[in-house]
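Biologist: I have a model open and want to learn how to read it. Can we go feature by feature?
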Amino acid sequence: MVKKLIVLVSPLKLFMILAILFGSIGHIIATLIPVIGGYALIKAMIGKFYFFKLITILVIFALLRSVLRYLEQLCNHFVAFRVLEIIRDRVFKALRRLAPAKMENTNTGELITIITSDIELLEVFYAHTISPISIAFIHTLFLTILMFKINVLYAVVLVIFHLIMAIIVPIITSNRAKSIGDIQRKNLSDINSSIIDTFYGIEESAQYQFGGERRNEMLEYTKKLSRSATRLSRIYGGNMALSNSVILIGNICILISAMYLYKFGYVNKIEVVVPIIAFMSSFGPVSALSNLANNLVTTFACGKRVMSLLEEVPEVEEVVNGKDINFEEIDVSKVSFSYGSEEVLKNFDLAVKKGEILGLKGKSGCGKSTLLKLIMRFYDVDSGKIEENKINIKEINTKTLRKNHCYITQSTHLFNGTILDNLKIAKEDATMEEIKAACRKASIGEFIEELPNGYNTKVGDIENSLSTGEKQRISVARGFIQNGDLLLLDEPTANIDSLNEGIILKSIWEESKDKAVILASHKDSTLRISDRIKQVKTLAE
Ligand SMILES: Nc1ncnc2c1ncn2[C@@H]1O[C@H](COP(=O)(O)OP(=O)(O)O)[C@@H](O)[C@H]1O
Ligand SMILES: [Mg+2]
């Protein structure tokens, strides 16, 4: 796991190493400043006073410390931002590969968690976990060697207490914090969902007068959250006390060792004072580790989720070195398909040529939408084949397939931006004439032109006042702009009134003269524009 995570950011190795280098030297210098002061003090007591030398060295060290700290932070931040960039890029590439089947089959909330908070927590791992651990290790190693040079007992005491701080304290804390950390996160997400739920349901709350209950629910969640927050801060407080006690006991041990060594003549005065000061000021880097442990468990969980997304195999492999065709006809023969173990289509056939409208009729759940998704190649068939111009769609370049197919469903998403932006997604370089013609054909042109800012009206400004029918007409216009030769319509008139239904059907019918159309609907009123009707049966029928 750690290895996989590190491979992901191998381009940043140099900057991570630099951050560790600057950090280690900086911390070593920080520890040495009081040590040198103590050393000079003892020298002065013995009678030699190197005032200017001392001041010069201290000033240089202090300056170096600041510069190194700055460089360390610079490298860490660089790594942090680049890491975010690299992982986001990888995740979005993965999503593009996995879409749209993945989007249908996963809980979107979970995907959003991966894209937002998981990635951000991983950034913490790269920028603020690897380097503190390495810095603490190098810093401790340096001090151990220094102590060892003076007397081995000092080195032993230092190693023991640094190990306690770096390993045992974090383990104790993270064990205590782990379960409550999970509870805290759950409480937080509960209260978030409850608030969002309340907002969405505000009209129902008003109508059925249960605002009070909603409020009580939120209060209950708030109380829970504050209880777990209190427990968490108690644990952090306890952790602080534990760390401080360890350092204090360490200080006492080093004092006793120094006294013992001095009394029996193993060390001189300088060798008493220097190690004591060095020891006392040596805990900065290791005590930073105790806070890391709490995050590490969560970070690895995030890492696992991100990795499994990156490694997921898509339902459909994109074709890039295949064939390009100008669509003339489509043949679906003996197609079977199941979602996991749920069989939806079995030995299904249909054929449509340009100039024909084929209606797909069938009860809800019989597999009409699934068939259109198979033709779009969101999924691949389990057996049988789908051919266009007698070529299996698995051999046709995915880009060409998408360009030839014009897929309109009952739910239209309008993106943030202007109406024009939303129409142009169908064809980036569409001219204003093309766009206006398409909108006129979809019977939405006049409506758009009468808006205060016409085509430049922001969707956000009118979204709530747009009717489903108007939205649907924009979606049809979008399809006309794209101008694919195979129109796939999935319940294009569901949820709209008969006036809008008539308008949309008329425009589809007029547009279909030189196109092949497959129109799925459970409404007879919609299917009446079809030349032929194909009945789709549920497998149970
Ligand atoms: N992404 C999916 N994963 C699992 N089952 C699905 C999925 N999409 C649809 N189904 C199931 O497949 C069957 C056919 O669905 P669908 O093609 O949407 O029918 P229709 O469009 O005719 O109403 C239904 O039983 C539905 O529950
Ligand atoms: Mg459907």
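Biologist: Which residues is Ser 205 in contact with, leaving aside its neighbours within four places in sequence?
Modeller: Contact means heavy atoms within 4.5 Å. On that basis Ser 205 touches Phe 210, Gly 211 and Arg 214. Ser 205 itself lies in helix H8. Helices (H or I, at least four residues) and strands (E, at least two) are DSSP runs, numbered from the N terminus.

Biologist: What kind of model is this, and how are things numbered?
Modeller: This is a predicted model: local features need pLDDT of at least 70, side-chain atom pairs count only at pLDDT 80 or more, and totals for chains, interfaces and linings use all residues. Residues are numbered from 1 along each chain as its sequence is written, chains are lettered from A and ligands numbered from 1 in the order in which they are written, and side-chain values use heavy atoms, with hydrogens and water left out.

Biologist: Is Ser 205 buried or exposed?
Modeller: Buried means under 20% relative accessible area, exposed over 50%, partly exposed in between (1.4 Å probe, protein chains only). Ser 205 has 10% relative accessibility, so it counts as buried. Asn 239, at 4%, is buried too. Asn 239 sits in helix H9 (residues 211-263). Beyond its neighbours within four places in sequence, Asn 239 contacts Val 169, Thr 173, Ser 290 and Asn 291.

Biologist: Which backbone angles deserve a look?
Modeller: Start with phi. Gln 209 has phi near 50°, a positive value in a residue other than glycine. Gln 209 lies in the loop between helix H8 (202-208) and H9. At 68% relative accessibility, Gln 209 is exposed. Glu 491 also has a positive phi, near 45°. Glu 491 belongs to the loop between S7 and H19, and is buried, with a relative accessible area of 10%.

Biologist: Where is the cis peptide bond of Pro 100?
Modeller: It joins Ala 99 and Pro 100, with omega about -5°. Pro 100 is in the loop between helix H3 (51-98) and helix H4 (101-105).

Biologist: How do I read a sheet?
Modeller: Start with pairing: two strands pair if DSSP finds at least two bridges between them. Here an open sheet of 5 strands runs in the order S6-S7-S8-S3-S9, with parallel pairing. Strand S6 (405-408) and strand S9 (532-535) are at the edges with a single partner strand each, so one side of each has no neighbour in the sheet. Neighbouring strands are turned by 15° against each other on average, direction ignored. S3 (residues 357-361) and S8 (residues 516-521) pair over 5 bridges. Leu 358 faces Ile 518 in S8. Helix H12 (residues 368-376) packs on the sheet, touching S3, S6, S7 (486-490) and S8.

Biologist: And two packed helices?
Modeller: They are described by the angle between their axes and the distance between the axes. Axes are lines fitted to C-alpha atoms, for helices over the stretch in contact, and angles run from 0 to 180 degrees between N-to-C directions. Helix H18 (residues 468-482) and helix H19 (residues 498-511) pack at about 10°, with axes 10 Å apart. That makes H18 roughly parallel to H19 (angles under 35 degrees count as roughly parallel, over 145 as roughly antiparallel, 65 to 115 as roughly perpendicular and the rest as oblique).

Biologist: Which residues of H18 meet H19?
Modeller: Gly 469, Gln 472, Arg 473, Val 476 and Phe 480 do. Their partners in H19 include Ile 503, Ile 504 and Ile 508.
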